[in-house]
Amino acid sequence: MIRVMIVDDHGIVREGVRILLEKLEDVQVVAEAENGRVALELAAGAAPDVVLMDMSMPGMNGIETTQRMADLFPAVKVLILSMHKDRRFVAQAFRAGARGYLLKDCSSAELVKAVRTVASGERYVCSGIIGVVIDDYIRRVPDSFEQAGPALTPREKEVLQLLAEGNNAKNIAFLLKINVKTVDTHRQQIMKKLKLHSIAELTKYAIREGVTSMEH
């Protein structure tokens with residue numbers, strides 16, 4: 001039995017995927033999460049074999065959640081669900097530790113195939129992306145944060161995404177359970193590392209590098 005967790009900030013998407021998977025005799029949906037933080041909290045108790053992970057989510061995107069999932073639960077296999085066909089997003093997903101990449105406009109049959117393939121320990125790239133060059137993507141496309149110079153810490157990445165999504169320091173402090181002064185310190189460090197000078201520049205950077213999405 002393949003134990004699956006569905007992570008997507010749109011309830012209707014989670015419901016549709018769950019209904020599809022629950023029809024299969026070899027798949028069991030063990031948990032659903034509306035964002036990355038909830039997914040990490042539920043993973044220990046739910047013990048999924050495969051996590052279907054939306055790439056574009058507010059607060060903590062699918063790439064960052066996948067990185068943390070790989071560190072905390074190395075046996076869990078992440079299958080990214082994305083609207084993005086760009087090679088940069090594909091490369092980031094696999095670098096983060098994903099085992100598969102699936103476009104959201106794929107067929108239900110391909111979704112099922114992807115879940116079973118990833119569960120078996122193999123990589124999966126959907127038919128909408130040229131699979132024969134995926135290794136070239138991973139090898140040749142530089143990581144955005146490495147390009148930026150000194151690497152951002154996981155907390156700085158969280159603050160960057162939340163800032164880019166329009167949250168003020170007070171909201172970020174509440175979401176991350178830290179004080180406002182600490183948020184300001186993180187913001188200053190991010191801007192220093194990335195050599196940026198305004199929130200507008202941070203937002204443009206975050207959208208360009210796939211840290212956040214204009215969908216939200």
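Modeller: Helices (H or I, at least four residues) and strands (E, at least two) are DSSP runs numbered from the N terminus. This is a predicted model, in which local features need pLDDT of at least 70 and side-chain atom pairs pLDDT 80 or more, while totals for chains, interfaces and linings use all residues. Residues are numbered from 1 along each chain as its sequence is written, and side-chain values use heavy atoms, without hydrogens or water.

Colleague: OK, what does the secondary structure of the chain come to?

Modeller: The chain has 11 helices and six strands. Of its 216 residues, 49% are buried, meaning under 20% relative accessible area with a 1.4 Å probe, protein chains only.

Colleague: And in what order do the six strands sit in the sheet?

Modeller: They form an open sheet in the order S2-S1-S3-S4-S5-S6, with parallel pairing, where two strands pair if DSSP finds at least two bridges between them. The edge strands are S2, residues 27–33, and S6, and each of these pairs on one side only.

Colleague: How many bridges are there between S1 and S2?

Modeller: S1 and S2 are joined by six bridges in the parallel sense, and arginine 3 stands opposite glutamine 28 of S2. Helix H1 packs on the sheet and touches S1, S2 and S3, with its direction at about 165° to that of S2 (axes are lines fitted to C-alpha atoms, for helices over the stretch in contact, and angles run from 0 to 180 degrees between N-to-C directions).

Colleague: Which strands does H2 touch?

Modeller: Helix H2, residues 36–46, packs on the sheet against S1 and S2, and its direction makes about 140° with that of S2. The buried residues of H2 are Gly36, Val38, Ala39, Leu40, Ala43 and Ala46, and they pack against S1, S2 and also helix H3, which covers 62–72 (contact here is heavy atoms within 4.5 Å).

Colleague: What caps the N-terminal end of H2?

Modeller: Asparagine 35 does, with a side-chain oxygen 3.1 Å from the backbone nitrogen of arginine 37. Just after H2, alanine 47 takes a positive phi of about 50°.

Colleague: Switching to H5, how far does that helix reach?

Modeller: H5 covers residues 108–119, so to speak 12 residues, and reaches 17 Å from its first C-alpha to its last, close to the 16 Å expected at 1.5 Å a residue (that is, 1.5 Å times one less than the number of residues). Its buried residues include Leu111, Val112, Val115 and Val118. The buried residues of H5 pack against helix H1 and strands S1, S3, S4, S5 and S6. Just after H5, glycine 121 has a positive phi of about 105°.

Colleague: Is aspartate 54 buried or exposed?

Modeller: Aspartate 54 counts as buried because its relative accessible area is 3%, and it lies in strand S3, residues 50–54.

Colleague: What does its side chain join up with?

Modeller: The side chains of aspartate 54 and lysine 104 make a polar contact of 3.1 Å. Leaving aside neighbours within four places in sequence, aspartate 54 is in contact with Val7, Asp8, Asp9, Gly62, Leu81 and Lys104.

Colleague: Last one, where is the place of leucine 162?

Modeller: Leucine 162 is in helix H8, residues 154–164, and is buried because its relative accessibility is 2%. Beyond its neighbours within four places in sequence, leucine 162 is in contact with residues including Arg37, Gly59 and Ile172. Leucine 162 and threonine 203 lie 9.6 Å apart, C-alpha to C-alpha, although 41 residues separate them in sequence.

How values were computed
Buried means under 20% relative accessible area, exposed over 50%, partly exposed in between (1.4 Å probe, protein chains only). A polar contact is a pair of N or O atoms within 3.5 Å; within protein, one must be able to donate a hydrogen and the other to accept it, and residues adjacent in sequence count only if both atoms are side-chain atoms.
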